[in-house]
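Biologist: Please bring up the model, and let us go through its packing and its charged pairs with care.

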Amino acid sequence: MQLTILSTSDTHGFVLPTTYSKRGEDQPFSLAKAKTVLDDLRRHADGPTLTIENGDWLQGSPLAYFAAKVHPDPRLLTAAYDAVGYDAGIIGNHEFNYGAANLQDAIATLNYPILCANILRGKKPAFGKPYQIFERGGAKVAVLGLTTSYIPHWEGPANIEGLTFVDALQTAKKWLPRLRKLADVVVIAYHGGFERDLETGEPTEALTGENIGYELSQLPGVDALVTGHQHRELAGLVNGVATTQPGYRGEDVGKITLTLAQEGLHWRVTDKHAELVKTGHQVPAPQVLAAVATVAPQVEDWLDAPLGQVIKGDMTITDSFQARVAEHPYIEFINRVEMAATGTDIAGTALFNDDGRGFGQQISMRDVVTNYIYPNTLAVMRLSGADLKAALEQCAEYFSLDDHGELAVTQRFLLPKPQQYNYDMYQGIDYTLDIRQPVGRRVVGLRYHGAPVAPTAFYEVTVNQYRAGGGGNFAMFDQSKIVRENQKDMTELIADYLRANPKLEATVDHNFKVQGAQCGA
């Protein structure tokens with residue numbers, strides 16, 4: 001008998017095949033296209049199937065934001081997920097972005113069970129059950145749900161109050177012996193990725209516990225491992241375990257095929273295969289389209305609402321790399337919004353990915369949410385000059401010099417997962433990142449109001465809550481250094497700022513620069 005385990009992960013509320021940068025797009029991804037693939041695979045499977053939603057579904061798209069913040073009703077989003085035909089789902093780290101109460105409300109609308117063994121309230125699982133056993137073709141299949149335990153490093157305390165995030169590896173070790181006795185097949189559905197090279201086992205990132213997929217694959221008794229979080233496209237055998245990670249926004253469906261042989265009253269896995277199935281060329285499933293047929297045009301109308309205009313200069317981003325090398329008017333604008341919202345005169349922000357295009361002459365809500373893609377709130381930190389310099393030194397690691405001495409992006413910020421969001425640019429201080437110098441000694445000319453930043457002096461600095469908690473492994477930041485917060489979503493703060501200041505001038509004061517070996521910019 002063949003058992004087929006299908007999965008999506010990190011769909012991030014992209015129900016429809018659009019980036020929302022304009023109306024009427026047909027992009028090569030979406031939950032709707034993934035359902036078409038899932039239906040076809042289920043229909044043609046040579047044996048029973050099991051379909052898993054692997055986390056990060058509640059946040060990410062303008063539709064998800066609309067359902068959480070503009071017209072709060074999780075069913076506006078979850079109706080689409082209910083239409084897919086999932087057998088089980090798990091929780092991703094971004095499920096907490098709008099708070100645990102919002103997550104609980106959303107889970108209550110789902111027609112499939114949520115499994116999460118390592119997030120506890122008291123001594124019991126806080127969301128759903130730790131595992132579930134499914135019967136497929138007479139075989140018992142256990143699915144254990146796990147979520148990256150690194151969430152407290154990213155989320156504000158209010159969003160995770162009362163929750164305990166237990167190490168996922170230790171949780172798996174606890175449950176696997178029990179599940180092996182209860183089931184013929186054991187599947188781990190883990191919202192996390194891989195911390196090591198899949199062939200050599202060598203670390204590919206700092207071993208913080210954020211991603212432990214490789215270690216999970218080494219545990220005895222695991223037949224299949226469904227992963228996510230890193231937005232990678234992976235399929236194959238890792239330490240003999242059939243493994244998938246199906247990309248981002250529904251661009252792939254993960255497919256694991258297990259061949260089972262019956263031995264008396266039990267079944268044994270005799271062969272394993274894993275692959276990804278692309279969704280981009282498919283027609284969106286009508287059931288998913290119908291689920292959002294009413295809300296989808298409302299989201300588009302909301303996105304088109306005018307907020308302001310650029311009356312002088314240019315705030316469009318045509319080259320995202322150059323926008324990180326030399327100060328761009330859009331980046332300066334975001335930092336000034338942060339300052340205005342918190343009453344500081346130092347702020348830092350990132351250009352989160354390479355898809356943002358800044359602002360054209362006319363600015364709408366669409367421009368805001370497609371550029372500032374995360375539901376961040378703001379935190380004001382009391383940082384020493386030494387802290388501030390250390391943060392800038394870490395940001396400087398984003399750049400390297402290529403063989404010709406030209407500036408380039410350091411590979412670990414590109415692979416295995418793009419991390420442009422971990423390079424911040426600051427306003428209110430003057431500094432140079434000299435990439436010709438060794439790592440840790442690249443920040444030169446660091447000044448505040450014309451005077452050198454003193455290592456023992458203290459400064460109030462605004463950053464987003466993710467960074468303030470040490471997100472991105474910025475060890476010099478942590479919650480203890482936060483002196484006050486603005487709990488309003490950054491998207492709302494930008495919109496409020498534009499309503500109060502509807503006519504903008506695109507300006508830069510060139511307070512920072514990045515130097516390579518061959519150039520001064």
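Biologist: What covers the buried residues of α1?

Modeller: This is a predicted model, in which local features need pLDDT of at least 70, side-chain atom pairs count only at pLDDT 80 or more, and totals for chains, interfaces and linings use all residues. Residues are numbered from 1 along each chain as its sequence is written, and side-chain values use heavy atoms, with hydrogens and water left out. Taking contact as heavy atoms within 4.5 Å, and helices (H or I, at least four residues) and strands (E, at least two) as DSSP runs numbered from the N terminus, the cover of the buried residues of α1 includes β1, β2 (49–53), α3 (75–82), β13, β14 and α7 (286–291).

Biologist: How many of the 14 residues of α1 are buried?

Modeller: Buried means under 20% relative accessible area, exposed over 50%, and partly exposed in between, with a 1.4 Å probe and protein chains only. Among the buried residues of α1 are Leu-31, Lys-33, Lys-35 and Asp-39. The helix α1 is largely enclosed by the rest of the structure, because the number of its 14 residues that are buried is 10.

Biologist: How many salt bridges does the count come to?

Modeller: Side chains of opposite charge can pair when their charged atoms come close. Some of these pairs are linked in a network, which joins Arg-23, Glu-300, Asp-301, Asp-304 and Arg-366. The count of salt bridges comes to 27.

Biologist: Which residue forms a salt bridge with Glu-492?

Modeller: The closest N and O atoms of the pair are 3.6 Å apart, and the partner of Glu-492 is Lys-69. Glu-492 lies in helix α14 (residues 490–500) and Lys-69 in helix α2 (residues 62–70), so the pair ties together parts that are 423 residues apart in sequence.

Biologist: Is Asp-252, which meets Lys-278 in a salt bridge, buried or exposed?

Modeller: The salt bridge between Asp-252 and Lys-278 spans 3.4 Å from N to O. Asp-252 lies in strand β13 (residues 252–263) and Lys-278 in strand β14 (residues 266–278), so the pair ties together parts that are 26 residues apart in sequence. Lys-278 is partly exposed at 44% relative accessibility, whereas Asp-252, with a relative accessible area of 1%, is buried.

Biologist: How many disulfides does the count come to?

Modeller: A disulfide is taken as a pair of cysteine sulfur atoms within 2.5 Å. Cys-116 is buried at 0% relative accessibility, and Cys-395 is buried at 1%. The number of disulfides comes to 0.

How values were computed. A salt bridge is a side-chain nitrogen of Lys or Arg within 4 Å of a carboxyl oxygen of Asp or Glu.
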